[in-house]
Amino acid sequence: MIGYIIRRIGQAIIVIVGVTILVFILRHLLPGSIARAILGVHATPVAIAAFNRQNGLDHPLPVQYLAFLDQLLHGNLGYSFKQNMTVDAIVLHDLPNDVLLVGVSLVLALLIAIPVGILQAVQRNKLTDYTATGVAFILYSMPPYLLGLLLIAFFAVNLRVLPAEAPQAPTISGVLADPVALVLPIATLTLITIALFSRYMRSSAIDSLTQDYIRTARAKGLRQTAILFRHLLRNSLIPVATLVGISIPGILTFGLIVEQLFNFPGIGLAYFNAAVNGDYPVVFGITVLVAAATVVGNLIADIAYAVLDPRVRYD
Amino acid sequence: MTDIAAQAPASAGPEGGEAIRHHDPAWRMILRAFTENKLALAGLILVVVVVLFCFAGPLFWHTNQVATNIMQVNQRPSGKHPLGTDDLGYDVLGRLMAGGQSSLEVGLAVALVATAIGVLYGVISGFFGGLADTVLMRFVDILLAIPVVYLFIDLATEFRPTLVLLILVLSLLSWLGPARLVRGETLSLRVREYVEAVRTMGGRSGRIILRHLVPNTIGTIVVNATFQVADAISILAVLSYFGFSLPPPTATWGGMLENGVNFLYDGYWWEIYPAGLMIVLTVVAFNFIGDGLRDSLDVRLQRR
């Protein structure tokens, strides 16, 4: 197993380096240039050349890439000329807000999706199962911003009980000071995440229900509730680690959409504003960061799976 | 990463014991899926209705979806405009049909192109194995790690794509799933006796791949392609919301929704919900078909 883990870590490193190469190439393939974005459309070629020389943008691409990689290895994601801040500072500033939004939504989604999945497995092909499946299908098929929009239309525009906008404070303490405004963004992201999880939880629980240990537990006369909570729930928790790991890119993408929709002060919104304003260092810094989070999430999921489930053997 | 995906539980197969029917030709298995599985049938009927609405509807409901009409903007639903008009004076019912055409075209085309690329890539990677497989699959991992929607938001600020370009870009980002699935299947198929037999008889790799391996993964391919259509329509709607969509006056459902959002507080519900409903209906329908086919063809997929 140690060999497996080392091999997986090696793979992850290769993938992350590959991502940086690809992002770097993309940055130079895309039409807009950093100098143009900063100096404006009327900048003279001389001014652009001077800007490029000043910021090392006139070196050959491989040299620039190595400089970019060197900065990344030192934990430096880039520098936003537009906002006159390092990308690290921007990300670190918004990170607590994202941890709050994504974290709470993720926990809520798991707390709902796991019991519902088990209930569906037990009540398989009955009304409860069909209803839950139907709701999950619709949630899954709905463009995420449409779901948020429906919630806004109903709770903010019609009923006027919840604000349509997330807390508009820049810091985490300010955001927490306005919990009512957090309800709709968190509810939206939670529902989307439940839709991502629920099918998986259902089939996972169905798989577990057919296992021998469940039959053994039944045969020795355990009550249904004991079987469900002591055996089924525990075993259905194993794939959750995997599930959360592989869902990271999806959750981050939906997180961005939710942040944009509710104007939630998070990294996703910072990314969105940077993309709109042509703030390329921020765009590419956050892209690399999200890609790295995806790879690390997958890595942790795989390792957790190998560690948690003694039945899995890797040679 | 693939090691885990292969072990992820798939939704259980069909009820009863007749799970494996790989002796039938693929088209008959697909046909049976629709006759036996109510969900798949419902999905198919829904798709037929939507396709008829979008492509045959304009034959009966004539509207001008090119020229704007400033004299009749934001009108409530009435006899003349059953679903009202939008802020440019387009008839919303007619625009739903026009938008459906482009959305369905993009969805189907992306599914076809992405599946074709993915199948070839996956089968080659799985068949040749070794170093080639490692390199090819790491490349897939790299692309999978890059947040696609993020990139599109950036792309949207740079340019607006044409129909063909939009299909190509979406396809280039959607072939990763089928590539991994088909590679996984190929790994188990390539050591089968019949592959060995073809090799003994002097069959070349190309023949083994195209005549034996690809046809044997057809179940996986068909099921995945169905989900691909749903995903493509859904992603297209998301991208339209962020402005990466076909240029006007071409309509898409996502574009209509994005435009309608501006009027949420004005109470112009007809500019928002009909388009949203069409997206949900169509995506649900293709997901139903995919689910039904998967159960009937007994395909194990990592997702859902």
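Predicted model: local features only at pLDDT ≥ 70, side-chain atom pairs only at ≥ 80, totals over all residues.
## Packing of α9(B) and α10(B)

On the side of α9(B), the contact is made by Tyr194(B), Val195(B), Val198(B) and Arg199(B), while α10(B) contributes Arg207(B), Ile208(B) and His212(B). By residue class, this contact of α9(B) with α10(B) divides into four nonpolar residues, one polar and two charged.

## Helix α11(B)

Helix α11 of chain B, which runs over residues 218–241 and so has 24 residues, reaches 34 Å from its first C-alpha to its last, close to the 34 Å expected at 1.5 Å a residue. The helix α11(B) is mostly covered, with 23 of its 24 residues buried, and is followed by Gly243(B), whose phi is positive, near 90°.

## Contact between chains A and B

Between the two chains, 49 residues of chain A are in contact with 38 residues of chain B. On the side of chain A that touches chain B, at least two residues each are supplied by several helices of chain A, including α1 (2–29), α9 (179–209) and α11 (224–262), and the largest share, ten residues, comes from α13(A). The residues of this side of chain A divide into 34 nonpolar, twelve polar and three charged.

Technical notes
Residues numbered from 1 in each chain as written. Chains lettered and ligands numbered in written order. Contact = placed C-beta atoms within 7 Å. Helix = DSSP H or I, 4+ residues; strand = E, 2+ residues; numbered from the N terminus. Nonpolar A, V, L, I, M, F, W, Y, C, P; charged D, E, K, R; others polar. Expected span 1.5 Å × (residues − 1). Buried ≥ 20, exposed ≤ 12 C-beta atoms within 10 Å, placed from the backbone.
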